[in-house]
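Here's a quick briefing to read with the model open in your viewer.

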Amino acid sequence: MSTEEIRVRGTVQGVGFRPTVYRLAKAYGLQGEVCNDGQGVLIRASGREESIEEFVQKLQKECPPLARIDEVTRKRYEGKSIFHDFVISQSVSSVVTTEIPPDAATCEKCKAEIFDPFSRWYRYPFTNCTHCGPRLSIIRAIPYDRLNTSMASFAMCAECRREYKDVENRRFHAQPVACQVCGPKAWLERSDSKPITPHMFSMLDDVDAVCTLLQKGEIVAIKGLGGFHLACDATQENAVQKLRQRKQRNQKPFALMARDMAIIEEYCTPNAKERELLESPAAPIVLIQAKGGDDDERGSGRIQFKTQNSKSKTPRLAPSIAPGQNTLGFMLPNTPLHHLILRRMNRPIVLTSGNLSDEPQSIDNVEAREKLGKIADYFLLHNRDIVNRVDDSVVRVVDDKVLTIRRARGYAPASINLPPGFESVPQILAMGSQLKNTFCLLRDGKAILSQHQGDLENPVTFQSYQDTLNLYLNILEHQPEAIAVDLHPEYLSTKLGEELAVSNQYGHGSAVPQLHIQHHHAHIAACMAENGLHINSPPVLGIALDGLGYGEDGTLWGGEFLLADYRQFTRLATFKPIAMIGGKQAMKEPWRNTYAQLISAFPWDELKQKYGNLEIVEFLEQKPLKLLNQLIEKEINSPLSSSVGRLFDAVAAAIGICREECSYEGQAAIEMETLADTTILDNKENLNYYFNFVVSDSIYHIDSRSMWQALLNDLQQHTPQAMIAAKFHTSLAHAIVEMVDNLRQKNDIHHVVLTGGVFQNCILLEQVTKRLQALEINVLTHSVVPANDGGLSLGQAVIGAAQLMN
């Protein structure tokens, strides 16, 4: 007989791991115990050596669906306990190194039970088991036990407790287990506080009544898993427009939810990978190519959403669901509540964040009534507290690879295993960026990336960011040995990180080191880390294209070619810096970027003489050009920036897309990508927007003067918008690849990293990747973390770790 102590680390709490251990231990005739503690799961097993060996191997093969084993360590047990059976022991409090599991969508068995009239979970909107249900959204502390969640206030009834204690039941130790008798309750309210007339809907219950309200064109605020959503019928234009006006969300696309895949397939053409994502436990919003009406070709420009015809009874989507787009963001129901609402709904619904634009989702009933009362007509509320706000995740598929756009529900805060060399990293806190913020905790060779926090410029979002950060630090007992921040001195995340570093609140007795990390270096390092590059790997050529980031020279960067490893970088090339007239205003009004680009390339009088008949020139002539010129000349609120994001804005405005203003970040670039005629992308004869390379301050600059001349000539010749948009994409891709080919002649380059928000543009990403691979260059791109600023904190953290471990 042998007795071993087996330590299992990873996502192993709240996912049915201990019941699996128990069943396998009994099957192999072992005695001992299993318990949760701060490090994960601890097993003490006594039996024949062969049985223990087979038990450990089987455990790794039959890991529960929501679990993830990162490490199994074994040693001989030296204790004196004598085991007569195998039992599940109470959790042990210890130093926390385990993980918080993400929330998981309703499993098929729970779904079947809520629609089974003979089940005691029939129509119960909070049904769950060890394979599904709330995790991060309800947790207050580790270990993940009921008393440490918002389910603590709901005492289990006798039936639920029996199943909770039955090791053969799939609800064994499912912490949120509940039923109609003992669990949370949902109810319907009017937003005007007037009573709801009994039986006014003649429905089964308040949850079922929501479906009728949506069908009648009402807007309903629904308290979901990680926050409130606002819902309406996606096929009723009046309802969608009413929601836009009340929510103050003019044009940004709405997310959609559909009852099942069959309804999604009426409006989109999901491929196998997209279907897999939709039906996965994470259940994210997936951006899918939409079906058109009479013309499905992407090259024809913006789609006209599917219309009703004689062959189909499918109702048309409201035109204002996703203006200027050819993709739709769909998700499937992720809780029993949503499954029950949509049971009778044979069309999609809008399901967008329950907030005013740019504010975080409401999570509290009282707050929701106050903030959403003028948006929603009705509220579907419940009495289970949401401890952690968790937005919906957003992903898309490019060349069968998943690209994460927003990492939140279903994915966060599952840890990311760091590459070799980072096993003994110090505990580091990385504060993230100003926009699309996440923060990151580093320790024990893992990175724990928070769920999407949002744009910190909004005071409510910034307060929520601080609350969530404190919760993570407390739950995980994380004591940072260094704090990494963005180089930009005015970012609120940077200022907060600096305050935390000097506050001496982590028990170190003195201020912890502050590490100021350059924005684009962090983008590149994040991509290196998720692709597993060793801490001492040779430098990569990182191409970081985005809106802007603070450069080491005090200017704004945004189109960078950096030779970088985890510790340092050298700037080899950039796009020619152009003034951002009006500073932040240039991010909202694309025409400002067009004017700045044009007068950087040509004298205005010369441009008027040659192109004065163009619509864009006539448009710009109506602006206060003398004032704008003075702002540039005197450098008044017009900083120079190499931003490729602003170049996209400039081109879009020139050809008539979002010329006057954008109502959300990246709108001009997104609509131009949608418009591009992709049928010409691989035709080299259409490539005639050339960029010039010049050397300035010892680095290469990509100059767009020739590109603008060719584009303006196309406008004079009335070349279609869709063709100009496509030619710009492919010409830019060609220029990027040509620069890479140029730089690798003088530098030892093994990998090229593509990162930054601009590389969320599928056309550009595909074109650059394909052309680099044709040159036999190894290309690294993002998948697990966003290419945008949502992945920045991971890069900050690994750079900080590498520098400290140097």
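Contact here means heavy atoms within 4.5 Å. What you're looking at is a predicted model, so local features need pLDDT of at least 70, side-chain atom pairs count only at pLDDT 80 or more, and totals for chains, interfaces and linings use all residues. Residues are numbered from 1 along each chain as its sequence is written, and side-chain values use heavy atoms, with hydrogens and water left out.

**Around G432**

- By that contact rule, G432 touches N437, T438, D486, S493, S793 and Q796, leaving aside residues up to four places away in sequence.
- You'll find G432 in the loop between β17 (428–430) and β18 (440–443); strands (E, at least two residues) and helices (H or I, at least four residues) are DSSP runs, numbered from the N terminus.
- G432 has 0% relative accessibility, so it counts as buried (buried is under 20% relative accessible area, exposed over 50%, partly exposed in between, using a 1.4 Å probe and protein chains only).
- Y491 is 59 residues from G432 along the chain, and their C-alpha atoms are separated by 9.4 Å.

**The ten-stranded sheet**

- Ten strands make an open sheet with mixed pairing, in the order β6-β13-β7-β8-β12-β9-β11-β10-β14-β15; two strands pair if DSSP finds at least two bridges between them.
- At the edges sit β6 (186–190) and β15 (401–406), each pairing on one side only.
- On average, neighbouring strands of this sheet are turned by 35 degrees against each other, direction ignored (axes are lines fitted to C-alpha atoms, for helices over the stretch in contact, and angles run from 0 to 180 degrees between N-to-C directions).
- Helix α5 (residues 206–215) packs on the sheet and touches β6, β7 (220–223), β8 (228–233), β12 (349–353) and β13 (378–382). The direction of α5 makes about 40 degrees with that of β6.
- Strands β10 (residues 285–289) and β14 (residues 394–398) run parallel, joined by three bridges, and V286 stands opposite V395 in β14.

**Strand β28 and its partners**

- Five of the five residues of β28 (residues 699–703) are buried, so the strand is largely enclosed by the rest of the structure.
- On the parallel side, three bridges join β28 to β24 (residues 569–575), with A573 opposite Y700.
- The antiparallel partner is β27 (residues 692–696), joined to β28 by five bridges; S696 has I699 as its bridge partner.
- Two residues lie between the strands in the β27 and β28 hairpin, where D697 takes a positive phi near 55 degrees.

**Aromatic rings and charges**

- The whole structure has ten aromatic pairs (rings of Phe, Tyr and Trp, its six-membered ring, pair if their centres lie within 6.5 Å; planes under 30 degrees apart count as stacked, over 60 as edge-to-face and the rest as tilted).
- One is Y595 with W604: the ring centres are 5.2 Å apart and the planes at 70 degrees, so the pair is edge-to-face. Both Y595 and W604 are buried.
- F648 and F728 have ring centres 5.1 Å apart and planes at 85 degrees, so this pair is edge-to-face. F648 lies in helix α19 (residues 644–654) and F728 in helix α22 (residues 721–743), so the pair ties together parts 80 residues apart in sequence. Both F648 and F728 are buried.
- F439, F462, Y465 and Y472 form one aromatic cluster.
- R171 lies over the face of W121, 3.7 Å from the ring centre (a charge sits over a ring if NZ of Lys or CZ of Arg is within 6 Å of the ring centre and within 35 degrees of the ring normal).
- The charged end of R244 sits over the ring of F254, at 4.2 Å from its centre.
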